[in-house]
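Here are my notes on this model, for you to read with the viewer open.

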Amino acid sequence: MTQLEAYITEHEGRFLEDLNGWLRIPSISTLPEHAGDVRRAAEYAADQLKAIGFANVGLIQTQGHPLVYGEWLKAAGKPTLLIYGHYDVQPVDPVELWESPPFEPTVRNGNLYCRGACDDKGQTMLVFKALESLMTVNGELPVNVKVLIEGEEEAGGESIEHYVKTYPERLKCDAAFICDTGMAAKDIPSIDIGLRGIIYTEVEVRGARRDLHSGVYGGMAPNPLHALALIISRLKDADGHINVPGLYDKLLPPLPAEKTFWQEDPLHIADMLREEMGVAQFSGEPEYPPLERITARPTLEVHGIIGGFVGEGAKTVIPAVAKAKISLRLPPNLKSAEVFTLFERAVQEVAPPDVTVKVHDLHGGEGLFVSPDSPPMVAATEALKEVYGKTPLFTRSGGSIPIAALFHEVLGMPVVLMGFGLPDDNLHAPNEKYSLDQFYKGIRVVASFLLKMG
Ligand SMILES: [Zn+2]
């Protein structure tokens with residue numbers, strides 16, 4: 001057994017105690033009455049970094065909750081890794097569905113139950129413990145490390161965005177590591193290599209200057225609700241192909257291994273999702289497997305339609321205005337600003353001539369693709385293989401992780417999205433848990449990942 005392995009094995013119990021101390025602090029970032037707890041959780045993280053031997057450790061004040069920063073930069077000539085985590089948690093409602101108190105860490109069947117056990121205190125703490133183990137055993141770290149922990153991930157993350165954009169030179173690094181994701185299944189290690197971006201819009205359709213009576217004007221008056229229905233129906237065909245000219249032009253081809261995984265679906269993820277959704281048949285592009293559609297293809301979804309009369313009974317109104325909330329999820333390489341322009345043009349093109357249409361850009365965010373061939377990804381892959389005895393799966397998430405895209409965009413380096421959560425960890429829900437086995441394995445993986453990077 002290596003000295004490192006011996007140290008980790010010997011201290012597993014204390015590592016868990018340190019996590020439990022952090023978990024008992026109810027750092028719910030979105031509830032103002034917990035502001036003091038949020039700060040205490042930040043100080044707890046800073047104390048951990050100080051104990052490891054990090055320099056310049058402190059809380060960075062922001063408009064909202066503080067960031068925690070610390071660095072160890074004594075590995076001359078070695079790469080610098082920026083590590084991200086978050087110390088805030090989601091609210092706990094409905095509290096009556098928790099089997100043990102949400103802020104009292106409790107072990108049942110090898111799982112640690114507590115709000116934040118996985119997301120993201122458990123995952124951040126395992127990184128701290130990997131750093132501690134390396135530092136204690138070797139007297140140094142194999143790479144330079146900057147740690148930045150935020151307290152608003154569950155509440156919009158505005159402060160860290162502002163900080164990263166304002167002080168990119170302080171965060172200069174060769175790679176970033178975010179430990180806030182999960183694995184495809186127990187014993188199937190995975191790394192996220194792709195995230196989708198998004199544009200979220202409101203399409204506003206106007207007809208007459210005011211609402212009209214259908215008995216007086218019907219047959220002649222433009223009806224914005226009909227026009228909106230036409231526009232929506234023309235934007236996507238019955239087979240799920242999106243009619244936004246130019247949208248598909250810049251799509252990057254997926255890796256061959258991804259294609260195989262999507263086609264074969266060895267974990268039967270599509271079946272599980274079908275069951276969970278309670279539908280007999282999936283929608284969308286039939287020529288692509290469902291797993292590819294939900295992670296690597298563009299989407300166009302209508303989220304809501306506003307307009308006209310929706311009360312009880314009847315009112316023969318021809319509304320003056322109708323609106324729809326429409327979003328597009330964007331695979332990496334599709335830039336949100338460019339897609340907004342394409343979408344706006346497409347909407348105008350399919351709009352009937354008797355109405356005026358405006359498209360409002362409500363918000364946008366970028367996707368991300370990290371090549372498995374980049375040096376930090378190779379190090380992460382090797383580390384997972386060493387601990388789990390299996391080559392990791394490269395997966396994609398259909399949603400976005402704004403901080404990952406932000407790091408990639410502003411700092412311009414690869415982002416390793418490697419986490420140890422499991423699909424049944426109940427994130428954001430009652431009875432959130434973290435597998436202790438995953439916690440202890442994660443410490444070993446991260447320690448090995450840093451050694452391989454160095
Ligand atoms: Zn999280």
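**Notes on the zinc site, the helix packing and the backbone**

1. Along the chain, the donors of the zinc ion are spaced as H-x32-D-x60-D. Here donors are N, O and S atoms within 2.8 Å of the metal (3.2 Å for Na, K and Ca), and water is not among the atoms, so sites may look incomplete. His-86 lies in strand β3 (residues 80-86) and Asp-180 in the loop between β7 (175-178) and β8 (190-195), so this pair ties together parts that are 94 residues apart in sequence. Helices (H or I, at least four residues) and strands (E, at least two) are DSSP runs, numbered from the N terminus.

2. A word on provenance: this is a predicted model, in which local features need pLDDT of at least 70 and side-chain atom pairs count only at pLDDT 80 or more, while totals for chains, interfaces and linings use all residues. Residues are numbered from 1 along each chain as its sequence is written, and side-chain values use heavy atoms, with hydrogens and water left out.

3. Which atoms coordinate the zinc ion? They are NE2 of His-86, an OD atom of Asp-119 and two OD entries from Asp-180, at 1.9 to 2.5 Å. The angles among the four donor atoms run from 53 to 146 degrees, and the site is irregular. For reference, four donors count as tetrahedral if all angles lie between 85 and 135 degrees; four count as square planar and six as octahedral if opposite donors are over 155 degrees apart and all others between 65 and 115; anything else is irregular.

4. Buried means under 20% relative accessible area, exposed over 50%, and partly exposed in between (1.4 Å probe, protein chains only).

5. Now the helices. The axes of α2 (residues 35-52) and α3 (residues 121-138) come within 9 Å and cross at roughly 15 degrees, so α2 and α3 are roughly parallel to each other. Axes are lines fitted to C-alpha atoms, for helices over the stretch in contact, with angles from 0 to 180 degrees between N-to-C directions. Angles under 35 degrees count as roughly parallel, over 145 as roughly antiparallel, 65 to 115 as roughly perpendicular and the rest as oblique. Residues of α2 that meet α3 include Tyr-44, Leu-49 and Ile-52, and their α3 counterparts include Met-125, Phe-128 and Met-135; contact means heavy atoms within 4.5 Å.

6. Helix α3 also packs against α13 (residues 436-453): the axes come within 8 Å and cross at roughly 55 degrees, so α3 and α13 are oblique to each other. Among the residues that meet here are Met-125, Leu-126 and Leu-134 in α3, and Phe-439, Ile-443 and Leu-450 in α13.

7. Two cis peptide bonds deserve a look. One joins Asp-93 and Pro-94, with omega about -5 degrees, and Pro-94 sits in the loop between β3 and β4 (106-108). Another joins Asp-119 and Asp-120, with omega about 0 degrees; Asp-120 is in the loop between β5 (111-113) and α3.

8. Finally, positive phi. Asn-56, not a glycine, has a phi of about 50 degrees; Asn-56 lies in strand β1 (residues 55-60) and counts as exposed at 54% relative accessibility. His-428, also not a glycine, has a phi of about 65 degrees and counts as partly exposed at 42%. Most residues other than glycine have a negative phi, and most peptide bonds are trans.
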